Amino acid sequence: MAKIIGENIPNMPWEEPTTDAPVWRYSQNPIIKRRPIENVTRVFNSALVPFNGGFAGVFRAETDNGIPYLYFGKSEDGLNFTFSKERIVFHTKDGGEYKFEYAYDPRVVKVEDTYYVIWCDGQYGSPVLALGKTQDFEHFEFISHPFLPFNRNGVLFPRKINGKYYLLSRPSDNGHTPFGDIYISESPDLVYWGNHTRLMERGYEWWQGLKIGAGCAPIETDEGWLLIYHGATQTCNGYVYSMGAALLDKDDPRKVKYRCGNFVLTPEADYETIGFVPNVTFPCCALADAATGRIAIYYGAADTVVGLAFTTVDKILDYIVKFKR
């Protein structure tokens with residue numbers, strides 16, 4: 001029996017499986033539908049964390065002018081959300097307002113007593129990772145751009161390992177990026193990053209043969225770090241994004257212990273195959289309850305809505321090992 005190392009989340013959303021699949025969809029999907037905020041057409045590829053007895057998060061919101069920004073959202077049950085009417089403002093260390101070109105695909109990770117936000121930012125028309133922080137989800141501070149352009153899918157580990165912060169990323173290009181592997185980098189202070197190493201390369205399997213990218217913040221278990229990521233393939237009708245899983249070494253996350261050759265979720269439901277960008281299941285967040293081993297995965301569906309899926313630590317780790325590459 002594997003164990004999740006972390007906090008108990010008794011009010012986390014949950015639904016029992018009706019299938020033998022390693023990951024199963026919530027029957028009431030999508031949980032965030034079109035136009036949930038005034039002047040916003042779509043919310044997707046977003047992340048939340050437990051906060052003050054409920055849940056708080058940062059959400060990718062496509063505004064009516066077509067530019068994506070970050071909005072704050074909160075929920076008591078992880079299913080029904082209230083959103084801020086205005087986009088999040090990050091302030092620099094000198095008190096000024098950080099200026100966005102655009103912002104999308106945020107992840108939120110709690111490390112000690114601080115909530116870190118990692119997103120893809122626009123600088124001079126180029127996508128680059130940006131890092132900020134908050135302690136109350138009311139005041140947000142910009143920290144830095146960890147890497148040079150072009151880069152996407154920044155995911156921070158939820159604690160220091162051997163005294164260092166670790167960050168996953170996917171070096172990319174200035175377009176839709178028909179390539180990409182997951183890299184891991186380390187830092188003593190969240191500002192200066194180095195020792196960049198390729199962690200996982202795009203797979204030989206069809207579903208992840210084009211590119212891969214980190215998804216949810218790694219979940220610590222007594223077996224290692226559970227990484228839920230996305231893999232994309234090229235078809236005659238565009239890209240297809242599926243959800244994959246791997247297990248990293250607990251003490252040295254640069255080591256991949258097991259990587260599943262099968263996807264754990266692929267676009268099949270109408271809200272995943274039909275939308276602004278069809279055929280996308282894009283994980284950005286997972287809630288993990290240490291008491292029960294339950295995991296709730298939030299994912300963007302068709303770049304249009306937010307879906308929810310479930311698994312348990314035993315079920316997904318067994319699946320990874322059974323179908324390891």
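Two aromatic rings, from Phe, Tyr or Trp, count as a pair if their centres lie within 6.5 Å. By this criterion, the structure holds 26 aromatic pairs. The model is a predicted one. One of the pairs joins F81 and F83, whose ring centres are 6.2 Å apart. The planes of these two rings meet at 25 degrees. Planes under 30 degrees apart count as stacked, so the F81 and F83 pair is stacked. Both F81 and F83 are buried. Aromatic residues also gather in a cluster. Its members are F51, F72, F90, Y98, F100, Y115, W119, F137, F140 and F142.

The overall fold was considered next. Two helices and 22 strands make up the secondary structure of the chain. The radius of gyration is 18 Å, close to the 20 Å that the globule rule gives for 325 residues. The chain is therefore as compact as a globular protein of that length. Along the principal axes, the C-alpha atoms fill a box of roughly 50 × 45 × 40 Å. Of the 325 residues, 59% count as buried. The accessible surface comes to about 13800 Å². Carbon and sulfur atoms account for 48% of that surface. Contacts along the chain were also examined. Among those between residues at least 6 apart in sequence, 53% join residues at least 24 apart.

Strand β11 spans residues 151-156. It pairs with β12 in the antiparallel sense, over four bridges. Within this pairing, L156 has L167 of β12 as its bridge partner. Strand β12 covers residues 165-171. Six of the seven residues of β12 are buried, so the strand is largely enclosed by the rest of the structure. Strand β12 is also joined to β13 by five bridges, and these two strands run antiparallel. Here Y166 stands opposite E186 in β13.

Strand β13 takes in residues 182-187 and is mostly covered. Five of its six residues are buried. Strand β13 also pairs with β14, which spans residues 194-200. Four bridges link β13 and β14, again in the antiparallel sense. In this pairing, I182 stands opposite M200 in β14. Together β13 and β14 form a hairpin, with six residues between the strands. L190 lies in the turn and has a positive phi of about 70 degrees.

A further group of strands forms an open sheet. Four strands take part, in the order β1-β22-β21-β20, and the pairing is antiparallel. The edge strands are β1 (24-25) and β20 (281-288). Each of these two pairs on one side only. Inside the sheet, strand β21 (residues 294-301) is joined to strand β22 (residues 305-312) by eight bridges. Strands β21 and β22 run antiparallel. G300 stands opposite V306 in β22. Helix α2, made of residues 313-322, packs on the sheet. This helix touches β1, β21 and β22. The direction of helix α2 makes about 85 degrees with that of β22.

Conventions:
Residues numbered from 1 in each chain as written. Predicted model: local features only at pLDDT ≥ 70, side-chain atom pairs only at ≥ 80, totals over all residues. Heavy atoms only, no water. Buried < 20%, exposed > 50% of the residue type's maximum accessible area, 1.4 Å probe, protein only. Pairing = 2+ DSSP bridges. Contact = heavy atoms within 4.5 Å. Axes fitted to C-alpha atoms, helices over the stretch in contact; angles between N-to-C directions. Rg over C-alpha atoms; globule rule 2.2 N^0.38 Å. Areas by Shrake-Rupley, 256 points an atom, 1.4 Å probe, with all protein chains shown as cover. Phe/Tyr/Trp six-rings, centres within 6.5 Å; stacked < 30°, edge-to-face > 60°.
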